[in-house]
Structures are given as C-alpha cells and as structure tokens.
Amino acid sequence: MSEGPAASATTAPRIPEQVSNAAWETDMQRFAAEDAQSPPPRGGVVFTGSSSIRLWDTLAQDFPGVPVINRGFGGSELRDSTWYADRTIVRYAPRQILIYAGDNDLHAGRTPQQVHADFVAFVERVRRDLPKAKIAYISTKPSPSRAQLLPAQREANALVAAEAKRLGVDYIDIFTPMLDASGQPDEALFVEDRLHMNAAGYDIWQRVITPYVK
C-alpha cells in the first residue's frame with residue numbers, strides 16, 4: 001500500500017490508510033514550536049515512534065554524549081511515523097533513526113503481515129531522503145496489559161527481524177529481556193497501567209539499545 005507523499009499544510013492524510021489518527025497534527029505543531037525555541041542539531045540521533053519513546057524522559061542522560069532528539073508521539077503506529085517522516089525525522093538530517101512502533105498497531109487489529117509491510121514502507125520512506133542514515137527498529141515489547149498479543153508480537157517481530165536483515169537495518173530485541181522466568185511479561189518493569197514502563201523497564205532498554213547507537 002502506498003503511503004503517499006509527505007504531509008504538508010494543504011494535504012490531509014487518509015485515515016486509516018495513511019495515518020491512524022488525525023490528532024497527530026497537534027504533536028507535529030508541538031515539535032515545530034520546540035524546534036523554533038531550541039533547534040536540535042543536525043546529524044544527531046532521532047528516536048521516534050509511540051509513547052514508549054515519548055515518555056522516555058531520561059533519554060539524553062541514558063545516552064551521554066549522543067545528540068539525541070526525542071520525536072515519539074502519542075499512541076502512534078508505524079505508518080504514522082512514515083507519513084510524518086518529514087516533520088519528525090528528515091528535517092533534522094540525522095545520522096541515525098531508532099523507531100519503536102508496531103505495538104499499538106497489533107492492539108488496534110492490524111496483522112503481523114501489515115506491520116511487516118508498514119516497516120518496509122517506513123524504511124523506504126526514510127531512505128528516499130536520507131540514504132546514508134542508519135536505521136534501527138526496536139522490537140515490540142511484551143506488556144502485561146496486552147499479554148493476549150504475545151503470539152502476534154512474536155510473529156510480527158520475526159517478520160520484521162528477517163526483513164531488517166535483508167534491508168541492512170538493525171533489529172533490536174527488547175522483547176526477550178522483558179520476559180520473566182515463566183516467559184510472561186515481567187510485571188516489575190511496568191507502571192500501574194501495566195502498559196508503560198517504569199525506570200527498571202527503561203534501564204533494560206538503555207542497556208540493550210546502547211550497543212546499537214552510533
């Protein structure tokens with residue numbers, strides 16, 4: 001499925017084909033305001049995707065010396081990051097992009113095959129304008145509140161991991177280290193909603209992701 005041209009002030013994306021929710025425009029305007037107040041460096045490292053990125057308040061401290069830019073937004077899905085790539089990624093001319101998305105997609109009823117296709121579309125979109133930038137995909141995480149999605153997550157992660165290898169994209173497995181001894185999502189890594197992570201969860205992310213950050 002074509003993701004269409006980049007979003008612009010005069011182009012409204014189709015829902016749900018191109019974006020999951022029109023509300024992301026508010027986040028784009030917030031990013032633009034932040035950029036106007038304090039322009040991020042070019043050639044940095046962009047973290048984008050859904051709320052697990054948006055809520056990573058210690059991102060800069062967790063990657064000292066790395067010019068990180070946090071462009072996570074809401075409960076976004078993979079195709080949202082593709083559509084809004086101009087405004088969350090390309091404008092910063094980053095040397096590397098790390099994306100966490102796919103979790104909300106499956107929760108909303110998209111299939112592992114659709115997540116795979118959306119991953120390919122994202123990589124193609126980024127490489128159109130940033131052919132030399134490194135891309136890393138952070139696997140979906142196993143959340144206690146979405147334990148029923150574990151089989152779909154495993155399937156989607158496997159499809160994306162295989163495709164990432166073919167495309168020369170780093171695949172970062174945070175799914176496995178977030179399971180407990182019984183193979184279920186580790187409750188100790190989450191806040192009360194059992195979906196979003198606490199500091200212990202982000203500690204695992206920092207440890208696992210650090211070797212991939214260029």
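1. Arg125 counts as buried, since its relative accessibility is 6%, where buried means under 20% relative accessible area, exposed over 50% and partly exposed in between, with a 1.4 Å probe and protein chains only. Arg125 is found in helix α7, residues 112-129, and its side chain makes a polar contact with the side chain of Asp129 at 3.2 Å. A polar contact is a pair of N or O atoms within 3.5 Å; within protein, one must be able to donate a hydrogen and the other to accept it, and residues adjacent in sequence count only if both atoms are side-chain atoms.

2. This is a predicted model, in which local features need pLDDT of at least 70 and side-chain atom pairs count only at pLDDT 80 or more, whereas totals for chains, interfaces and linings use all residues. Residues are numbered from 1 along each chain as its sequence is written, and side-chain values use heavy atoms, with hydrogens and water left out.

3. Helix α9 spans residues 199-209, and its buried residues are Gly201, Tyr202, Ile204, Trp205, Val208 and Ile209. They lie on the same side of α9 because they cover an arc of only 150 degrees around the axis, the arc being that of the directions from the helix axis to the C-beta atoms. An α-helix has 3.6 residues a turn, so residues three or four places apart point the same way. On the other side of α9, Ala199, Asp203 and Arg207 are exposed. Helices (H or I, at least four residues) and strands (E, at least two) are DSSP runs, numbered from the N terminus.

4. The buried residues of α9 pack against β1 (45-49), α2 (51-54), β3 (96-100), β4 (134-138) and β5 (170-172), with contact taken as heavy atoms within 4.5 Å. At the start of α9, a side-chain oxygen of Asn198 comes to within 3.0 Å of the backbone nitrogen of Ala200.

5. Some backbone details also deserve a look. The peptide bond from Ile15 to Pro16 is cis, with omega near 10 degrees, and Pro16 lies in the segment before α1. Ala93, in the loop between α5 (85-88) and β3, has a phi near 45 degrees, a positive value in a residue other than glycine, and counts as partly exposed at 22% relative accessibility. Arg194, in the loop between β5 and α9, likewise has a positive phi, of about 60 degrees, although it is not a glycine, and at 34% relative accessibility Arg194 counts as partly exposed.
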